[in-house]
Amino acid sequence: MIESPTVVLVPGLRDHVEDHWQTHLEKKLDKVRSVPPLEHDKLSRDLRVAALDAVLSDIEGPVVLVAHSAGVMITAQWARQHSRPIAGALLVTPPDFDFPMGEPYPTQEQLQDNGWMPVPRQRLPFPSTVAASRNDPLADYRRVVGLAEGWGSQVLDLGEVGHLNPAVGYGYWPRAEALVQDLIDKARE
């Protein structure tokens with residue numbers, strides 16, 4: 001029997017939010033790890049990528065990544081620099097760092113100064129699905145589809161779910177469990 005993968009949650013720049021769907025998902029899964037919050041230099045791309053790599057380096061066996069918001073960008077940046085096998089990834093509502101996001105989000109200059117630009121657009125070395133919102137205030141749907149195409153990801157149209165976070169009513173998100181279970185099942189095939 002093939003070993004069940006460990007699910008690694010990659011939160012966005014706000015790190016862990018109590019009523020976030022990733023936090024709820026973490027409580028429901030058996031084999032799960034979460035990238036811990038940074039204590040300093042919270043906007044540093046390099047430190048975020050290193051934090052993800054540290055979690056992955058500590059896991060033996062297959063891994064499934066589940067990233068949200070800037071966690072998607074952390075995942076894409078990590079994939080440019082590292083070669084650890086990943087069984088699959090669910091990349092949920094990535095922001096579009098190429099356009100200003102407005103308050104309270106980082107400015108273009110802050111993103112540039114902290115290493116987030118340019119946004120990686122090359123094919124990811126693992127199967128992935130980008131779950132995109134039609135009315136995400138942080139990214140135009142068509143631009144997210146373009147990112148997904150560059151990454152070689154399937155696109156899952158979530159409809160109008162905003163940024164899929166507690167601010168728009170998404171704490172517990174039952175669909176996340178089904179999507180992650182599908183990735184786990186595929187990893188075990």
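## Basis and an exposed loop residue

Helices (H or I, at least four residues) and strands (E, at least two) are DSSP runs, numbered from the N terminus. The model is predicted, so local features need pLDDT of at least 70 and side-chain atom pairs count only at pLDDT 80 or more, while totals for chains, interfaces and linings use all residues. Residues are numbered from 1 along each chain as its sequence is written, and side-chain values use heavy atoms, with hydrogens and water left out.

H40 sits in the loop between β2 (32–34) and α2 (45–57). With 62% relative accessibility, H40 counts as exposed (over 50% relative accessible area, whereas buried means under 20% and partly exposed lies in between, with a 1.4 Å probe and protein chains only). The C-alpha atoms of H40 and K27, which are 13 residues apart along the chain, are separated by 26 Å.

Strand β5 (residues 128–132) is largely enclosed by the rest of the structure, because five of its five residues are buried. Both faces are covered, with S128, V130 and A132 buried on one side and T129 and A131 buried on the other.

Strand β4 (residues 88–92) pairs with β5 in the parallel sense over four bridges (two strands pair if DSSP finds at least two bridges between them), and A89 has S128 as its bridge partner in β5. From β4 the chain crosses through helix α4 (residues 108–113) to β5 in a right-handed β-α-β crossover, that is, with the strands pointing away from the viewer, the path from the first strand over the helix to the second runs clockwise. Strand β6 (residues 154–157) runs parallel to β5 and is joined to it by four bridges, with D157 in β6 as the bridge partner of A132. A right-handed β-α-β unit is likewise made by β5, helix α5 (residues 141–151) and β6.

## Backbone features in loops

Two cis peptide bonds may be inspected. One joins E103 and P104, with omega about 0°, and P104 is placed in the loop between β4 and α4; another joins M117 and P118, with omega about -5°, and P118 is placed in the loop between α4 and β5.

S69, although not a glycine, has a positive phi of about 55°; this residue lies in the loop between β3 (63–68) and α3 and counts as buried at 12% relative accessibility. L164, also not a glycine, has a positive phi of about 50°, lies in the loop between β6 and α6 (174–188), and counts as buried at 0% relative accessibility.
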